[in-house]
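Here's a quick look at the pockets in this one. Have the structure open while you read.

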Number of protein chains: 2
Amino acid sequence: MTKLTLISDNRCFEGHQRYYSHESSATNTSMTFSIYLPDRAIAGQSCPAILYLSGLTCSPDNVTHKAHYQEMCSEFGVIFIAPDTSPKGDDVADDERFFVGQGASYYVDAKLKPWTEHYQMRSYIIDELYDLIRDQFPTNSIGVMGHSMGGHGALLLGFKYPSKFVSVSAIAPVCVASDSEWGQAAFEAYFGEDKNSWQEHDATYAIQKAGKQYPLLLIDQGEADEHLAAGNLRPEQLHKVCRQIEQPLTLRYHAGFDHSYYFIQSVMADHIHHHLKAADMAGSR
Amino acid sequence: MTKLTLISDNRCFEGHQRYYSHESSATNTSMTFSIYLPDRAIAGQSCPAILYLSGLTCSPDNVTHKAHYQEMCSEFGVIFIAPDTSPKGDDVADDERFFVGQGASYYVDAKLKPWTEHYQMRSYIIDELYDLIRDQFPTNSIGVMGHSMGGHGALLLGFKYPSKFVSVSAIAPVCVASDSEWGQAAFEAYFGEDKNSWQEHDATYAIQKAGKQYPLLLIDQGEADEHLAAGNLRPEQLHKVCRQIEQPLTLRYHAGFDHSYYFIQSVMADHIHHHLKAADMAGSR
C-alpha cells in the first residue's frame, strides 16, 4: 500500500483539511494532494468523494484556499481531494510557457522525451491516486470535476473511465484542447506533430467517442472570461457534441463572471450538489 | 476627496470583489485595501459594513482569499473591507522579526523614529480610511473585527472610538499586547522602553478604561492554537476585565481548532451575523 506522509492537518468546520505527500510510481516523483475529510469519514463512515482537477499553473493550494468547498463538505459529509497539476521539481522537464510543462500536464500520459519520464498524469490520477483514495479513505463513490485545464481533465478522464466515476462536472473547461492555443502547444510537446494522435486526449472527442455515460453533465462558464473570448475554452463545441450523442448537459453561461477562483467559489455549491445527487442516485450514500 | 485607483474587480456571487489603492496622508505611502460590494451597494443602496483587520505578516489577500466571507456578504448585503496590516515598501522601516515592522503595525501611531514617518496606522484606519469608506461607499454602519494582531486592533480601536462602530468582534485576538512576546517587541520599537506608555495602546487596558460600550462582544478562540499556549493571546485576561466592567462577552473556546484561516473560515458566518444583528439593533438597516 502506498505510504502517505501527513504534511499538515487543520481542523476546519466539522472535519479536517489535510495535505499528504507520497512517492508516485506513475510520475516517478513525490506527489502532494490536499484532502478534506469530514468527521464522519475520520470516524470510518463511508462518504461520497469529489476529485478536483486544478487548472494551469496551480498547486493543490489554490482550490484548497480559494474555492470555499469546506463548509459544504462538512455539512453533507463529502471527501474533497485536490491533486497537483503535474509532477514538479528541479529534475522534472519544464517549459517557459505557462501552458506547457510543470503546472500544465493536461492529465495525459506523455509519449515523447523529455516528458515521458515524469509526465504520466493519466496513469497517476486514474490508477495510482484513484486506488490510493479507495484503499486508504472511506469513499463509497467518486465524482470528478475540474477548472480550465482541470476541466479538460475531468471531462477527458470522466468519459474515458466512466466505470470509475459516478458524476462529472467542470467550470470553464478547456473543452477542445487539440484546437486551442494552450492545448496545441502542450499536445505537440507531449505527443508530437501528428494532430490525429491528439484526438484521443481531447475531452470533446473523448465524449463523442464514449457516447452518453452520465445522467447529467454540469458545466459553468463565465461570460466575461477572457479565455472564452480568446478561443481556449470552446464550450459551444462540447455543447454540440453532447446534443449529438444525447448526453444530458446543463451548460450555464454566467453574466459578468471571469476565469478566476471568485467564479469557482460562486458556483462551487452547485457542483457539490451535482455530485451528491449522482452519488445518491447511484445508491452509494 | 481621496482618489481611489481600482486595481482589480471580479464578479463574485451577487456582488464584486475589488481591490483599490490610494495615496495615504496618514502613512505617507500608497495603501491598498480589498472591498466586497454586494450588488445592492453598487446600485447605491446603503449597507452595513464590516472593517476587518488582519494579523501579523498578512496583506489584504489572505482574508480575501481564505476567509470565505463573500457568499454571506452577497446574501445579506454586507460591505466587507480589508485594509493592509502596515505601510509597506522599500523605503518603509522594517525589522527582521515578523512581529515588528512591515506586516505588524498593531494599528497604532508610532512615537519613535524610524517608525514615526510611516507607522501611523491608528490615524490611517480611524480617520483616513474610515472617512474614505463613509464618503465613497454607501455604508450605513461599520462594525470592526480582526484576527490575532488584527483582533487586538479591532478591540483597541472599537473601544477607543465607540462612536465610530456599531459592533466589535475578534478571532484569536492578541488581547494583552503589552504583556505578550510579540506585542512587547513591537511596543518597545514604536513607543520606547517605558511600559506605562504602552497601556493606552493595549486592547484589554483600553476596554477596562472605556467600560461597557457594546450590547455584546464576540470572541472566538481555538483550543489547539499554538499561540494561545505560548501566551501571546491571553483571552482569560480580557474575560476577567469584561466581567469587571460588565461588558457582555460571548467567549467561545473551540476544541481542535488552531490559529489558521481554516479556523477563521469556520467561524466567519457567526461574526458576520454578530455585526448584522448589531446593525439591525442600531436601526441602520
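## Pockets in the predicted model

This is a predicted model. Its largest pocket has 26 lining residues, and those nearest the centre are A:F13, A:E71, B:H68, B:E71 and B:A269. The space in there comes to about 540 Å³.

Which elements build that lining? At least two residues each come from α3 (70-76) and α10 (261-281) of chain A, and from α3 (70-76), β9 (249-254) and α10 (261-281) of chain B. Of these, α10(B) puts in the largest share, with 7 residues. Sorted by class, the lining of the largest pocket holds 13 nonpolar, 6 polar and 7 charged residues.

Now for the second largest pocket. Here 18 residues make up the lining, with B:C58, B:H147, B:H259, B:S260 and B:Y261 nearest the centre. Two or more lining residues come from each of α2 (60-66) of chain A and α10 of chain B. Once again α10(B) turns up at the top of the list: it gives the most to the lining of the second largest pocket, at 3 residues. The volume is about 280 Å³.

What is the class make-up of the second lining? It has 6 nonpolar, 11 polar and 1 charged residues.

Here are the two linings by class:

| Pocket | Nonpolar | Polar | Charged |
|---|---|---|---|
| Second largest pocket | 6 residues | 11 residues | 1 residue |

Key:
Residues are numbered from 1 along each chain as its sequence is written. Chains are lettered from A and ligands numbered from 1 in the order in which they are written. This is a predicted model: local features need pLDDT of at least 70, side-chain atom pairs count only at pLDDT 80 or more; totals for chains, interfaces and linings use all residues. Side-chain values use heavy atoms; hydrogens and water are left out. On a 1 Å grid over the protein atoms alone, a cavity is a set of points where a 1.4 Å probe fits but cannot get out, and a pocket is an open set with protein on both sides within 12 Å along at least five of seven lines; lining residues have an atom within 4 Å of a point. Grid points are joined across faces, edges and corners, and a volume is the space filled by probe spheres set on the points. Helices (H or I, at least four residues) and strands (E, at least two) are DSSP runs, numbered from the N terminus. Ala, Val, Leu, Ile, Met, Phe, Trp, Tyr, Cys and Pro count as nonpolar, Asp, Glu, Lys and Arg as charged, and the others, Gly among them, as polar.
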